[in-house]
Amino acid sequence: MNFLTQNAFWILSIIKILLLLFIVLTVNAYLTWFERKLVAHIQSRWGPHRVGPHGLLQPAADGLKFLFKEDPTPAGADKLVYYLAPFLALALALTAIAVIPFGPKPIPFFNFFGQPVYLWVANPDISLLILFAITALSVYGVALAGWASNSKYPLLGGLRSSAQMISYELALTMSVVGVLLMSNSFSLSQIINAQSYAPGVLGWNIIGFSGRGFPVPQVLGFLCFFIAAIAETNRAPFDLPEAESELVAGFHTEYASFKFAMFFIAEYTAMITVSCLVAILFFGGWLSPFPATAFWQFTHYLPSVTLIPFGLWVIWDGIHYETIVGKLVLPVIGFVMIVLGSALIALPAVNEFIQPTFWLLAKIFVVLFFYVWARGTLPRLRYDQLMNMGWKVLLPVSIANVILTAGAVLLRGH
Amino acid sequence: MQPILEQLWIIPLLPLLGSAINGLFGEKWPNKIVNSVALGSTGLSFLFALEAVREFVFVRNQQFFRKEYFDWIIAGNFRAGFDLQMDQLTVVMVLVVTGVGFLIHIYSTGYMAHEGGYYRFFSYLNLFMFFMLILVLAANYVLLFVGWEGVGLSSYLLIGFYFLRKSAADAGKKAFIVNRIGDFGFMLGMFLLFRTFHTLDFKTLFDAAAPMASDAFGHLGTLTAACLLLFMGACGKSAQLPLYVWLPDAMEGPTPVSALIHAATMVTAGVYVVARSHILFTHAPTAMLVVAIVGCATAFFAATIGLAQRDIKKVLAYSTVSQLGYMFLGCGVGAFGAGIFHLMTHAFFKALLFLAAGSVIHAMGGEQDMLKMGGLSRKIKYTYWTMLIATLAIAGIPPLAGFFSKDSILLSAFQSENGGGSTGHILYGVGLFTALLTSFYMFRLIFLTFHGKPRYDEHHVHVHESPWSMLGPLVTLAVLSVIGGWVAAPALWGGEDHFANFLGPVFGGAEAGSAITEAARHQLELTLAIVAVLAALAGLGVAFWLYIRQPGKPAELVKSFKGAYTAVYNKYYVDELYDAVIVQPLMWISTQVLWKAVDVRVIDGAVNGVAESLSNTGDAVRHTQSGNTRSYAVWVVVGALVVIAIIFWPALKPALGMVR
Amino acid sequence: MVPTIYYVILSAILFGMGAIAFIFKQNIISIFMSIELMLNAVNLAFVAFNQAWGKLDGQVFVLFVIVVAAAEAAVGLGIIILIQRNRQSLNVERVDQLKL
Amino acid sequence: MSASLIIFFLLAALAILGAASLIFQRHPIHAALSLIVVMVALAGLYLLMGAEFVAAVQIIVYGGAIMVLFVFVIMLLNAGVEERTNFSKMASIAGWPLALALTGVLAAAMVRAGPTVANPANPGMLSDTATLSTLLFTDFVYPFELTSFLVLVAILGAMVLAQREQK
């Protein structure tokens with residue numbers, strides 16, 4: 001007992017980390033499902049729907065497949081680096097999530113041995129810098145993988161990705177400076193708070209009211225950031241390192257089974273991180289888009305209002321589902337949703353607590369949707385186009401954004 | 001409220017702008033645009049000057065105005081700022097410079113119309129205006145010196161305007177170098193002043209100097225030394241003995257330049273400086289006497305040379321020198337007001353003379369030799385009449401401008417007791433005789449040029465009157481040379497001496513007050529004036545007799561006084577003298593000693609020797625240089641070791657004391 | 001709380017090791033990297049003293065050092081690429097033309 | 001033995017190990033990796049000292065840009081295990097002793113200086129990034145401009161060097 005109370009902080013952190021890992025991995029899994037579904041519908045296919053109702057168990061199946069596949073190591077590969085690379089990639093990707101705050105307030109009516117439980121693992125003053133540091137390092141995963149597997153295609157893939165990541169990191173970092181200028185802080189929660197001075201959506205950096213003077217919209221910054229981020233995470237249309245048509249599967253051609261899974265998870269985790277960043281930096285993070293006045297009070301029931309009807313629909317859909325499993329599982333899910341929704345109505349305190357997180361998750365979801373949408377829609381760039389884009393368009397634009405924002409902020413005064 | 005006076009810097013700035021614009025972009029432009037820029041800038045600055053003067057006189061009631069615009073040099077307790085000031089003296093100078101300058105700009109548009117490098121000419125001319133204005137507006141010696149050197153520069157550029165002609169280029173160089181000698185003295189003077197007063201700012205310096213006891217006569221005190229050095233500079237700039245030689249050659253420049261720079265404005269800078277620092281001079285009687293004597297001597301000397309010149313512009317040049325001599329004589333005898341007055345009137349009629357001469361040359365198609373002219377009076381009337389007026393003015397025929405100014409100078413010379421009893425009278429006598437000579441050679445010029453029968457080939461030379469752009473200034477200046485003197489008409493002539501009263505605040509007690517009573521004073525003035533007029537008329541008469549009555553006579557005279565004539569005609573061989581005494585020895589020393597011996601043997605020898613030895617040693621140690629980078633790396637480490645050891649071991653404590 | 005001197009000594013050791021690597025590496029790239037190591041050691045000393053004095057100048061200098069290192073890396077690697085292209089070797093001892 | 005001391009010794013050991021492996025690794029990539037380890041360790045030390053911004057920059061620029069560039073070039077040139085030749089008498093004979101001497105001299109000098117070195121005024125206090133930037137853009141603005149110019153020149157130089165001459 002005494003031991004617990006003394007080291008409550010550390011233990012709590014460990015628990016949080018484990019929890020976060022679990023959540024992130026699950027979300028990853030279902031992100032793949034979501035992506036496959038969405039792309040499928042964009043291409044007017046069905047996507048996975050064999051394993052489980054609506055293919056909901058597909059991720060699990062994939063996971064199992066990854067585990068049980070044979071794991072060959074290419075001859076003449078540099079063992080150490082070959083094994084190091086995927087671990088590096090995954091570890092960095094997961095670490096990034098740790099500094100993202102999912103809500104301002106600690107969990108109500110609950111203390112972990114005197115420690116208030118906040119919705120983040122760590123909230124340092126320089127969380128943004130740390131994020132960038134991690135992204136900067138995550139190049140190695142790809143580059144080393146490409147080099148270590150001692151084979152042509154991976155090498156090319158690795159070269160491409162390292163070049164691409166170096167180039168786009170500049171634009172990525174530059175495009176955030178505008179936001180930093182507007183909210184004088186590297187701390188993500190500070191950045192979010194800095195957007196709360198104007199009513200609702202107006203205060204978000206994308207519109208840029210600060211309660212005083214004229215708005216300083218960060219549209220340029222947002223565009224640069226999002227594009228650069230897509231490139232940084234090697235997603236379509238910038239997924240040259242793993243361009244199937246040109247170099248098989250790029251840097252992870254020689255990787256199989258679980259190591260491949262690691263790269264896979266790393267990539268999707270990076271996606272999530274980026275989505276969180278976009279939501280936090282430009283779209284007010286956990287702030288509600290509605291003003292916090294009594295008139296807009298009713299918007300606090302939006303979570304329930306979304307959950308309950310959706311639950312009803314799920315139940316309805318489940319009843320008409322072909323397979324028995326569907327008929328059983330889907331209504332249960334729907335019921336749970338309805339219960340949650342009504343619970344939120346029943347317990348206002350919980351509802352209040354859930355609000356910020358709800359908005360943050362909603363925004364993240366939207367950004368992820370855009371991610372997948374882009375993949376489903378846009379053709380892959382050619383390598384030289386990629387480089388031109390990075391150096392001759394994004395970088396200058398983001399620098400211009402920095403200058404403009406600086407001038408505007410100076411005019412407006414803090 | 002004094003908008004322009006507060007922003008005095010605009011007045012000099014405008015010409016600078018004009019100069020810059022023309023100089024930078026003018027090359028491709030048609031003359032019209034260049035004109036509009038040049039005339040516009042000068043005219044505007046003239047207007048601004050007028051406005052500034054109006055504010056100074058009527059709004060400020062002639063309170064001394066001074067403003068510091070920005071610091072230029074700050075070094076220890078030495079400050080030289082871009083400070084401009086405005087007092088009565090400045091008023092006169094500024095008006096003369098901008099006014100006459102503006103007229104001459106107008107004239108030049110006509111005169112230079114067909115010359116190449118049109119834009120260049122006007123760019124230089126505006127540059128000159130800028131520096132001259134800086135010179136007269138400056139509120140401290142350093143800034144004044146800037147203008148001083150600047151006008152020297154632009155004069156150099158303009159004398160050498162036809163730089164393809166070797167004589168012109170040489171003349172330019174000569175002017176520049178001779179001026180350097182004077183400037184050397186000037187700078188020494190400034191240093192001495194700074195060492196004595198710890199400032200070079202006019203106001204503070206003079207306020208400090210005023211209460212000082214003036215140096216004893218004939219004894220070389222600080223002030224005397226400073227004044228003499230300053231005067232050395234003045235000699236250079238204003239072409240006084242012995243540094244006058246550059247001015248006649250300066251006539252190589254285009255005539256408007258001769259009119260503006262080498263007659264009206266720049267050459268009077270020396271007089272201006274002496275008048276500006278009159279407080280110092282009045283404290284240094286010796287210097288005063290020197291100034292007076294030098295001025296008087298120059299006046300006489302140059303006049304004698306002027307007698308025999310054939311080139312019309314040369315005659316005018318020497319007359320300029322001699323008139324400058326007059327001004328110095330005036331200052332020297334303490335009549336600074338008279339000196340400045342003569343400066344102003346001289347600016348009018350001498351500019352007019354030069355411009356008219358230019359018009360004549362223009363008419364003759366570039367001919368400058370008077371013996372190849374004659375009988376032009378009917379062909380170019382305006383030029384003739386204006387030039388005649390100017391000649392009467394310079395000869396001192398009442399009631400034209402020259403009469404009053406020259407008269408007041410002679411009067412004060414006669415009255416001055418400085419340097420013992422009869423000095424003043426001797427100066428007066430020489431001055432008077434010079435006046436006679438002046439009127440003689442001026443009328444000689446008139447008669448040779450305009451009267452008698454033509455001595456040129458009428459078939460080739462088509463004499464034509466100049467365009468109005470040239471005649472306009474002539475007429476204006478003619479009017480000025482007529483009425484210019486009246487502002488200072490002394491009480492005797494019914495005027496009440498406006499000029500002296502106006503300048504009173506500046507020169508104050510400096511004017512040589514005479515002990516004798518008012519009536520006697522008027523008596524004296526009257527007699528002296530009559531004498532002067534008689535002298536002038538005598539000169540006129542002689543000229544008339546020699547060149548109209550008996551045109552053969554001069555030749556006989558020349559024969560009978562061969563030696564004297566050739567001496568005078570060759571300017572007493574002064575140039576040759578300087579060449580032999582100064583230039584040649586310098587050349588010899590610099591080639592034989594400095595170049596052949598010092599440079600080649602000593603310096604090059606030393607340098608090459610060092611290089612030799614080094615390359616030998618290098619050749620010796622070359623073999624450590626394997627080209628292998630790792631070896632180099634090790635050598636670097638060795639060096640680092642040594643350095644660290646040196647830093648740390650012997651003095652560990654102090655070296656690391658800084659950490660604490 | 002860690003005494004400043006520890007950091008300083010650590011930086012000294014790192015610097016020395018950088019020097020050793022500088023001498024004994026033969027691959028140009030590795031030599032370059034050992035230079036970077038030395039720079040890092042110096043940075044450590046900078047920051048340590050900076051903290052010791054409670055002033056920020058040291059950190060500013062570290063930033064400058066980093067920037068200069070970046071520039072140096074860009075140019076140096078360009079040179080290295082040229083060397084490789086011209087003599088198909090990255091061994092410094094095969095690049096021995098740096099002499100009269 | 002306070003927590004910070006433990007962390008320090010861990011990081012220091014990590015750094016020294018990294019440096020050692022930089023010396024002894026024969027393959028450039030491995031050398032690069034060990035250097036990265038050193039840099040991360042140093043970043044940790046900076047954090048320990050409270051220089052958080054410098055720590056971040058250390059990782060972003062050194063770890064994320066410069067070293068990536070190295071790795072990139074190594075991959076590009078496909079540099080193999082470095083060959084060991086001993087053409088340089090100087091290095092092979094005097095190398096070790098001199099290098100060790102240098103290290104020794106430095107360390108010894110530091111140790112001797114030990115007592116005179118002041119200890120952190122307020123250990124672990126995070127130095128404010130805002131003040132740092134103010135300092136950078138006021139007192140050090142000229143060096144800053146110079147470095148920016150230097151970087152520009154470096155970019156040009158790198159481009160000129162790396163491009164193949166067009167026929």
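**Starting with chain C**

Select chain C and colour it by secondary structure: from the N terminus on, its elements run α-α-α. The count is three helices and zero strands; helices (H or I, at least four residues) and strands (E, at least two) are DSSP runs, numbered from the N terminus. The model is a predicted one, in which local features need pLDDT of at least 70 and side-chain atom pairs count only at pLDDT 80 or more, while totals for chains, interfaces and linings use all residues. For selections, residues are numbered from 1 along each chain as its sequence is written, and chains are lettered from A and ligands numbered from 1 in the order in which they are written.

Next, colour chain C by pLDDT, the predictor's confidence in each residue, from 0 to 100. The chain averages 85, and 97% of the residues score at least 70. Within chain C, confidence is lowest in helix α1 (residues 4-24), at a mean of 86, and highest in helix α2 (residues 28-53), at 88. For the complex, the predictor gives an ipTM of 0.71 and a pTM of 0.58.

Of the 100 residues of chain C, 62% count as buried. A residue is buried if 20 or more other C-beta atoms lie within 10 Å of its own, exposed if 12 or fewer, and partly exposed in between, with C-beta atoms placed from the backbone. Two residues are in contact if their C-beta atoms, placed in that way, lie within 7 Å. Among contacts in chain C between residues at least 6 apart in sequence, 51% join residues at least 24 apart.

**Chain B and the largest core**

Now select chain B. It has 27 helices and two strands, and buried residues make up 50% of its 660 residues. Among its contacts between residues at least 6 apart in sequence, 80% join residues at least 24 apart.

Which residues touch the most other members of the largest nonpolar core? They are B:Ala351 and B:Leu352, in a core of 209 residues. A nonpolar core is a set of buried Ala, Val, Leu, Ile, Met, Phe, Trp, Tyr and Cys residues joined through C-beta atoms within 7 Å. Helix α16 (residues 336-363) of chain B gives the most to this core, with 18 residues. Not counting residues up to four places away in sequence, B:Ala351 touches B:Val100, B:Ile104, B:Ala259, B:Ala263, B:Ala264 and B:Leu477. A second, separate core of 201 residues includes A:Phe102, A:Ile280, C:Ala12 and C:Leu39.

Stay with α16(B). Of its 28 residues, 27 are buried. From first C-alpha to last it reaches 39 Å, close to the 40 Å expected at 1.5 Å a residue; the expected span is 1.5 Å times one less than the number of residues. A kink of about 30 degrees is centred on B:His346, the bend at a residue being the angle between axes fitted to the seven residues ending there and the seven starting there. After the helix comes B:Gly365, whose phi is positive, near 70 degrees.

**B:Leu392**

Select B:Leu392 in helix α17 (residues 381-395) of chain B. B:Leu392 is buried because 25 other C-beta atoms lie within 10 Å. Leaving aside its neighbours within four places in sequence, B:Leu392 is in contact with B:Ile397 and B:Leu400. The C-alpha atoms of B:Leu392 and B:Leu537, 145 residues apart along the chain, are separated by 9.9 Å.

**Loops to finish**

Go to the loop between α9 (222-237) and α10 (246-249) of chain B, where B:Pro242 is found. A cis peptide bond joins B:Leu241 and B:Pro242, with omega about -5 degrees. B:Ala239 also lies in the loop between α9 and α10; its phi is near 55 degrees, a positive value in a residue other than glycine. B:Ala239 is buried, with 31 other C-beta atoms within 10 Å.

Last, select A:Asn234, in the loop between α8 (219-232) and α9 (244-247) of chain A. Its phi is positive, near 55 degrees, and A:Asn234 counts as buried, with 26 C-beta neighbours inside 10 Å.
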